[in-house]
Amino acid sequence: QLQLVESGGGLVQPGGSLRLSCAASGFTLDLYTIGWFRQVPGKERVGVSCISSSGGSTKYAESVKGRFTISRDNAKNTVYLQMNSLKPEDTAVYYCAAQRGISGSTCLALTYGMDFWGKGTLVTVSS
């Protein structure tokens, strides 16, 4: 089975931090551009951050620049999203997704078009 599994979500206070992980099974991530997307209940999914297959290029939505950091450890077949200075508006279900043959810039806009998707992990930012 080809799967992406997100973990690390939970409840955090405003200003706090969380690190999300996206682990692949059934395939290796080293040839894939990976994106993090989020969806607020009742609203459209949006791109948050993407990282190229080599890790040499990263892209961020304007709303998270300076607060979130995407990284990958291909040896562990895992991609991370470090989220700092969290705000209530960051509350959403966060999904990771993978696709070969695309740039990080293209990835950020593929809110429904990536080849592989995880089930998501819920992040709630609240006092």
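I took a disulfide to be a pair of cysteine sulfur atoms within 2.5 Å. By this rule I counted two disulfides in what is a predicted model.

**Entry 1: the disulfides.** I looked up Cys22 and Cys96 and found their sulfur atoms 2.0 Å apart, in a disulfide. This link of Cys22 and Cys96 is right-handed, with 65 degrees about the S-S bond. Cys22 belongs to strand β3 and Cys96 to strand β9 (residues 92–99), so the pair ties together parts that lie 74 residues apart in sequence. I noted both Cys22 and Cys96 as buried.

I then turned to Cys50 and Cys107, which are joined by a disulfide with an S to S distance of 2.0 Å. The link of Cys50 and Cys107 is left-handed, with -75 degrees about the S-S bond. Cys50 sits in strand β5 (residues 46–51) and Cys107 in helix α1 (residues 104–109), 57 residues apart. Cys50 and Cys107 are buried. Counting bonded cysteines along the chain, I recorded the pattern 1-3, 2-4.

**Entry 2: the sheet.** I traced an open sheet of four strands in the order β1-β3-β8-β7, with antiparallel pairing. β1 (3–7) and β7 stand at the edges with a single partner strand each, so one side of each has no neighbour in the sheet. I noted an average twist of 15 degrees from one strand to the next. Five bridges pair β1 with β3 (residues 18–25), and Gln3 has Ser25 as its bridge partner in β3.

**Entry 3: strand β7.** I found six bridges between β7 and the antiparallel strand β8 (residues 78–83), where Phe68 stands opposite Met83. The two strands form a hairpin with four residues between them, and Asn77 in the turn has a positive phi of about 55 degrees. On β7 (residues 68–73), Phe68, Ile70 and Arg72 make up the covered face, while Thr69, Ser71 and Asp73 make up the uncovered one.

How values were computed:
Residues numbered from 1 in each chain as written. Predicted model: local features only at pLDDT ≥ 70, side-chain atom pairs only at ≥ 80, totals over all residues. Heavy atoms only, no water. Buried < 20%, exposed > 50% of the residue type's maximum accessible area, 1.4 Å probe, protein only. Pairing = 2+ DSSP bridges. Axes fitted to C-alpha atoms, helices over the stretch in contact; angles between N-to-C directions.
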